[in-house]
Amino acid sequence: MKIFLKTEDEIELMRQANQLVGRTLGELAKHIKPGITTLRLDKIADEFIRDNGAVPTFKGFPNPYGGPFPASICTSVNDAVVHGVPSEGTVLAEGDIISIDCGTLLNGFCGDSAYTFCVGEVSEEVRQLLRTTKESLYKGIEAAAVGRHVGDVGSAVQEHCEAQGYGVVRELTGHGIGHEMHEDPPVPNYGRRGNGAALKAGMCIAIEPMITMGDRAIWLDKDRWTIRTRDGKPAAHFEHTIVVRKGKAEILSSFEEAEQIEGKLY
């Protein structure tokens, strides 16, 4: 495992890339409503990212199971946990939820963040899943300080979600991030406190709880990208890129723009 610690100059470039992701999510929030296709959302994101001088890192990303990812964002609707492929045939409907995962490459560094949006009026049961998943993200961030371990982050996420009866996906993890979108170390959403890679000042990691309303079992759709819950129940996904500091981690990405449009619904 090779972990790259970032200098303050590099962290500033990481912040710029991640803030652009936040602005992209905010731009998409303006358009998320019943009747829009996920392909249209992808085109909006692609144009916004490129207009701001960056490149969408997801487009062309290699897949060990098939061809490269064909779009600029992942659009995962309802029972899709992550890696949903935008399409003209996927039309958002009242009561849906959609996780949008977005990545940028700007000035040689990557940004990565995800947010799960409500489409119109969503049931309170589903809102509670979103609320808990988002809370667990911040619990994980609180655990990410110098002197702690990756296991502390995963344990914080796992304990918060499982205490409320939700499933924590095991097969997919957060990750280090920098010049490459996926760097060491892996950052699972489960674990034991004190275990795993030690967290050091200057480590940049993406923490991304992927939480299911029912059983945590998942399957790979026939498109060879979309990961779905095996029981067909909804899943939520939130992600921030952070830098480890002494005492308290610094969040480099932003939900502020998305929440300004959607409102703090959960």
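This is a predicted model: local features need pLDDT of at least 70, side-chain atom pairs count only at pLDDT 80 or more; totals for chains, interfaces and linings use all residues.

Buried here means under 20% relative accessible area, exposed means over 50%, and partly exposed lies in between, with a 1.4 Å probe and protein chains only. Helices (H or I, at least four residues) and strands (E, at least two) are DSSP runs, numbered from the N terminus.

Residues are numbered from 1 along each chain as its sequence is written, and side-chain values use heavy atoms, with hydrogens and water left out.

Which strands pair with β14? One is strand β9, residues 204–207, antiparallel to β14 over 4 bridges; two strands pair if DSSP finds at least two bridges between them. Within this pairing, A206 stands opposite T241. Another is strand β15, residues 250–251, also antiparallel to β14, over 2 bridges. There, I251 of β15 is the bridge partner of I242. β14 and β15 form a hairpin with 6 residues between them, and G247 in the turn has a positive phi of about 90°.

Let me turn to a loop position. K222 lies between β11 (218–220) and β12 (227–229). Is K222 buried or exposed? K222 counts as exposed because its relative accessibility is 77%. The C-alpha atoms of K222 and G120 are separated by 28 Å, the two residues being 102 apart along the chain.

I close with the chain as a whole. The protein chain has 5 helices and 15 strands. Its radius of gyration, taken over C-alpha atoms, is 17 Å; a compact globule of 266 residues would have a value near 18 Å, so the two agree. The globule rule is 2.2 Å times the number of residues to the power 0.38. The C-alpha atoms fill a box of roughly 45 × 45 × 40 Å along the principal axes.

Buried residues make up 56% of the 266 residues. Of the contacts with a separation of 6 or more, 72% are between residues 24 or more positions apart, a contact being heavy atoms within 4.5 Å.
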